[in-house]
Amino acid sequence: MRRKIYSLLAVMFFVILMNTVFVSSAGAGDAEEILSLKNEIIQKQNESKLGLQEFTLCSKILNYASFYPLADNKIKRGTNLLLYYEPINWFTSTQQGRYEFYLTQDVMLETAAGEILFEREGLLSMHYNTGKPVLDIYMTNDFNLGQLPEGKYRYIIELHDMISGQKLKKEIVFEII
């Protein structure tokens, strides 16, 4: 009886050991394949034009792709402008197993008539040099509007890809109520 139990335990140990070896090997192979696909995505992004998606004013931002957009771009006087956006097709430099991207953002606030109320270069900077590729990012602006009077305004950003030299300008019109 003891021999049968030992034999059964030995067989179970062998089966568990073999499953572990095969699962580990498969996992490592999957990781290499996934990294290869991520590198293909980076190559495609590097060949494309810098852009933005989900450029929206919000009442609250939680995380990537998790935000509460304002329904009508109306902001209460004395509160902050909260902007969410996702840069796309930024350039990623790949050298010696490292992945680097570098984005900056300028901002300008204008009245509806075009009078510049605020302007700042390099308000935001996102510079990463990592051992793993980064495929999705988001940026936010939390801008104190102070006691600006009621009326319509234009918030303008200029996003710069510091590695490729690309830039783009985007604006959003809002009203202080």
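User: Which residue in β8 is the bridge partner of Tyr84?

Analyst: In this predicted model, the bridge partner of Tyr84 in β8 is Thr140. That contact belongs to a pairing in which β4 and strand β8 (residues 139-144) run antiparallel and are joined by six bridges.

User: And how many bridges are there between β1 and β4?

Analyst: Strand β1, which covers residues 51-63, pairs with β4 over five bridges, again in the antiparallel sense, and within that pairing Leu57 has Leu83 of β4 as its bridge partner.

User: Why is β4 described as largely enclosed?

Analyst: Strand β4 spans residues 80-88, and seven of its nine residues are buried, so the rest of the structure largely encloses it.

User: Switching to rings, how many aromatic pairs does the structure hold?

Analyst: There are nine aromatic pairs in the structure. One of them is formed by Trp90 and Phe101, a tilted pair with 5.3 Å from centre to centre and 45 degrees between the planes. Trp90 sits in the loop between β4 and β5 (93-95) while Phe101 is in strand β6 (residues 98-111), so the pair ties together parts that lie 11 residues apart in sequence.

User: Are those two buried or exposed?

Analyst: Both Trp90 and Phe101 are buried.

User: What about Tyr153 and Phe174, why do they count as stacked?

Analyst: Their ring centres are 5.7 Å apart and their planes meet at 25 degrees, so the pair is stacked, the cut-off being under 30 degrees. Tyr153 belongs to strand β9 (residues 151-161) and Phe174 to strand β10 (residues 167-176), so this pair links distant parts of the chain, 21 residues apart. Tyr153 counts as buried at 5% relative accessibility, as does Phe174 at 1%.

Methods
Residues are numbered from 1 along each chain as its sequence is written. This is a predicted model: local features need pLDDT of at least 70, side-chain atom pairs count only at pLDDT 80 or more; totals for chains, interfaces and linings use all residues. Side-chain values use heavy atoms; hydrogens and water are left out. Buried means under 20% relative accessible area, exposed over 50%, partly exposed in between (1.4 Å probe, protein chains only). Helices (H or I, at least four residues) and strands (E, at least two) are DSSP runs, numbered from the N terminus. Two strands pair if DSSP finds at least two bridges between them. Rings of Phe, Tyr and Trp (its six-membered ring) pair if their centres lie within 6.5 Å; planes under 30 degrees apart count as stacked, over 60 as edge-to-face and the rest as tilted.
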